[in-house]
Amino acid sequence: MKRDGDMTLSTPKIKSSGIIVEYDGKRALHGIDLDIYPNEVTALIGPSGCGKSTFLRCINRMNDVIDNCKVSGRLMIDDTDVYDPEIDVVELRARVGMVFQKPNPFPKSIYDNVAYGPRIHGLTENKDDMDRIVKKSLKRAGLWDEVRERLDDKALGLSGGQQQRLCIARAIAVNPEILLMDEPCSALDPIATSIIEELINELRERFTIVIVTHSMQQAARVSQKTGYFHLGNIIEYGETNDIFTRPKNEQTEAYISGRIG
Amino acid sequence: MTDRSTQTAQSKHLKKRYRAEKRFKFFGLAAICSAAGILLVLIGGLTQMSIPAFTHHYVKLDIAIPETTIQAEQVTDPVAMRKVNWRGMVRKALRNEFPEVTDRSGKRAIGNLLSGGAGDAVRDKVLNDPTIIGSTVEVALPLSDDVDLLLKGLIDRSLLEENRVVSDRELTFIDHLEATGRIDRRIAWFLFTSGDSREAEMAGLRSAAVGTLLTMLVTLLFSFPLGVMAAIYLEEIAPKNRLTDLIEVNINNLAAVPSIVFGLLGLAVFINFFHLPRSAPLVGGMVLALMTLPTIIIATRAALAAVPPSIREAALGVGASPIQVIFHHVLPLAMPGILTGTIIGLAQAAGETAPLLMIGMMAFIVDTPMWINDKATVLPAQIYMWANNPERAFQAKTAAGIICLMVFLLLMNALAIYLRKKYEKRW
């Protein structure tokens, strides 16, 4: 995927420098430096326990809720320091949406799932506004045609793939700038996976997407940039094409060719 | 050769395993059967004992209510109503059935057939319909508890007169009334509609039942919000450190504190220090709320912990604040468990007597309490007091009281199950 190199290099959306994460004093990340560019899909790959999910959760401070988890270093989104003590985490999470590994819709109606975010952030004035946001979000998540007749049905009655797209709709309903995806397809069958992958490709136009995946084919299919994590370090980061065809690091090569991991 | 020997060893081992499983199943079944048997004997015995208490014998008499006794417009005046000798009126009516009896002791014996509260039946009738003043009406008058027991066959007629609570003369009167078809066996509604009394044929559970309801109301109002809030704080918000660990251990220990200790605490703190009223559902409810708190806190914490973390993550992920996560998502999902724990705690409290002993709720209360600061007693205390009564008729009443309490608790548990099923959500 060729883009205007100067443009992207000059304005990273997320700039991580020396991010260190410790759980109970044990280091999970040893200083991550990573620039993530807007309107691209950045894939984070690596063996289990390498810290890629931990890094993802640093971006919207989801690690805050874990006891004894300490994050140090500097992480900027545009001009905002994410770990500035003054920052409002709630506002940050409205800017940085997240989709989780297992589809986790609220045990409420489809409508209420999507409407929840806009409602708590007070994004709408009236019911019509809300209806419009719900419709728009479901359309963008490619779910509208399947659920338009049953918006008041329980979200848990949907299939796994539909539930995951509902979670994506829920995340984009608050109009975030960044979308974090933590192995969004690992609980889905291949058909649902390909639908989500297509969706990710479309969503790239509006959002900056960071996706953690275990599937290297998926990383190759959906992403423009790829970062390879190993034991809490980022080993190699670059254009997806380069990483998969001409990895510079031998560890990366070993991993993508299936020799470790 | 070795193959076959391992095979037989294996099959032997397998057989042994099957036998062990069968044995275990048998023990389990035996345990359940014996538990069910004991329960059946207990409940069956109680039910059988309580049956006589649910009916009572009445004598139907024509009562003349002369206009001289009371004016129709005075019926609503309690003082005037109290002045009327209703008791004398019904006794006279019964004596009229036996014109041949003229001696004093005979007349007294006839009067003693009736319950001490028989006059109230006429009074209530007049109160309901003042137009009957000046006419003669048929009224069903309750018989005394001894006569009632005799008619139910619970007093042996073949006993010697001096060993029998009903004299030979009284027997002839009763037989005469029965022969003329004046005696009627009816459902003893007074068991539910009147308060306690020294007379078995007038004593009912109403004041105790209302007392229990009021006490439970106070218990619920204090223990539910306090318990749930404490549990939410401990489970969701409090940092995990030594202090919260200590609190947790103490809450668990509190669940094992003997209930009489809570009663003493109530006496010392609520009554002696805060000067709250004695024998009142307010204090009783507060004491029982203290007792119920650990149950509710433990149940609520378990219910909160059982909410899957994915729901919390989902809510946090769209930007809900920690408090919004709790109140929008976690708490509603934990509600069935919380309600079940609360109702089980309340049911436990409803059956509690010891702490109420200390704050004066083990009391002879005739009037139905109207509010939480009135004097009141509760069902288990009422049962205990009836069990202490020497009159034979209270035996059946005690059993009936126990049955009523158990029905009450059964209903509460049924409510718990219903609520859990209704609000249970699957994810």
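Where does L231(A) lie in chain A? Keep that in mind while you find your way around, and welcome, everyone. What we have here is a predicted model. Now to the answer: L231(A) is found in the loop between β9 (225-230) and β10 (233-239) of chain A.

Most residues other than glycine have a negative phi. L231(A) is not a glycine, yet its phi is positive, near 50 degrees. And how many C-beta neighbours does L231(A) have inside 10 Å? There are 15, so L231(A) counts as partly exposed.

E183(A) is not a glycine either, and its phi is positive at about 45 degrees. You can find E183(A) in the loop between β7 (178-182) and α8 (190-203) of chain A.

Next, please look at helix α2 of chain A, residues 52-59. Is this helix enclosed or open to the outside? Eight of its eight residues are buried, so α2(A) is largely enclosed by the rest of the structure. The buried residues include K52(A) and R57(A), along with F55(A), L56(A) and I59(A). After the helix comes R61(A), which has a positive phi near 55 degrees.

S16(A) and I59(A) are 43 residues apart in sequence, but their C-alpha atoms are 8.8 Å apart in space. S16(A) has 23 C-beta neighbours inside 10 Å and so counts as buried. Which residues does S16(A) contact, leaving aside its neighbours within four places in sequence? They are I32(A), D33(A), L34(A) and L75(A).

Now let's turn to chain B. Its secondary structure comes to 17 helices and three strands. The radius of gyration of chain B is 31 Å, while the globule rule gives 22 Å for 427 residues, so chain B is more spread out than a compact globule. Along the principal axes, the C-alpha atoms of chain B fill a box of roughly 105 × 70 × 40 Å. Of its 427 residues, 36% count as buried. If you take the contacts in chain B between residues at least 6 apart in sequence, 77% of them join residues at least 24 apart.

Two packed helices are described by the angle between their axes and the distance between the axes. Start with α3 (residues 86-95) and α4 of chain B: their axes come within 9 Å and cross at roughly 115 degrees. That angle makes α3(B) roughly perpendicular to α4(B). The crossing is right-handed. On the α3(B) side the contact has R91(B), L94(B) and R95(B), and these meet K107(B), I110(B), G111(B) and L113(B) in α4(B). By class, those residues are three nonpolar, one polar and three charged.

α4(B), residues 104-113, also meets α7(B), residues 168-179: here the axes come within 10 Å and cross at roughly 60 degrees. These two helices are therefore oblique to each other, and α4(B) passes α7(B) in a right-handed crossing. From α4(B) the contact takes G106(B), A109(B), I110(B) and L113(B), and from α7(B) it takes R169(B), E170(B), F173(B) and I174(B). This contact has five nonpolar, one polar and two charged residues.

Finally, where do the chains meet? 21 residues of chain A are in contact with 17 residues of chain B. On the chain A side, α3 (89-95), β6 (96-99), α4 (110-121) and α7 (160-172) each supply at least two residues. The largest share, four residues, comes from α4(A). The side of chain A that touches chain B has 13 nonpolar, four polar and four charged residues.

In α13(B), residues 309-317, the buried residues are A314(B), A315(B), L316(B) and G317(B). What do they pack against? Their partners are α3, β6 and α7 of chain A, together with α14 (322-350) of chain B. Just after α13(B), G319(B) takes a positive phi of about 95 degrees.

Definitions and conventions
Residues are numbered from 1 along each chain as its sequence is written. Chains are lettered from A and ligands numbered from 1 in the order in which they are written. This is a predicted model: local features need pLDDT of at least 70, side-chain atom pairs count only at pLDDT 80 or more; totals for chains, interfaces and linings use all residues. Two residues are in contact if their C-beta atoms, placed from the backbone, lie within 7 Å. Ala, Val, Leu, Ile, Met, Phe, Trp, Tyr, Cys and Pro count as nonpolar, Asp, Glu, Lys and Arg as charged, and the others, Gly among them, as polar. The radius of gyration is taken over C-alpha atoms; the globule rule is 2.2 Å times the number of residues to the power 0.38. A residue is buried if 20 or more other C-beta atoms lie within 10 Å of its own, exposed if 12 or fewer, and partly exposed in between; C-beta atoms are placed from the backbone. Axes are lines fitted to C-alpha atoms, for helices over the stretch in contact, and angles run from 0 to 180 degrees between N-to-C directions. Angles under 35 degrees count as roughly parallel, over 145 as roughly antiparallel, 65 to 115 as roughly perpendicular and the rest as oblique. A crossing is left-handed if the near helix is turned anticlockwise from the far one by less than a right angle, and right-handed if clockwise.
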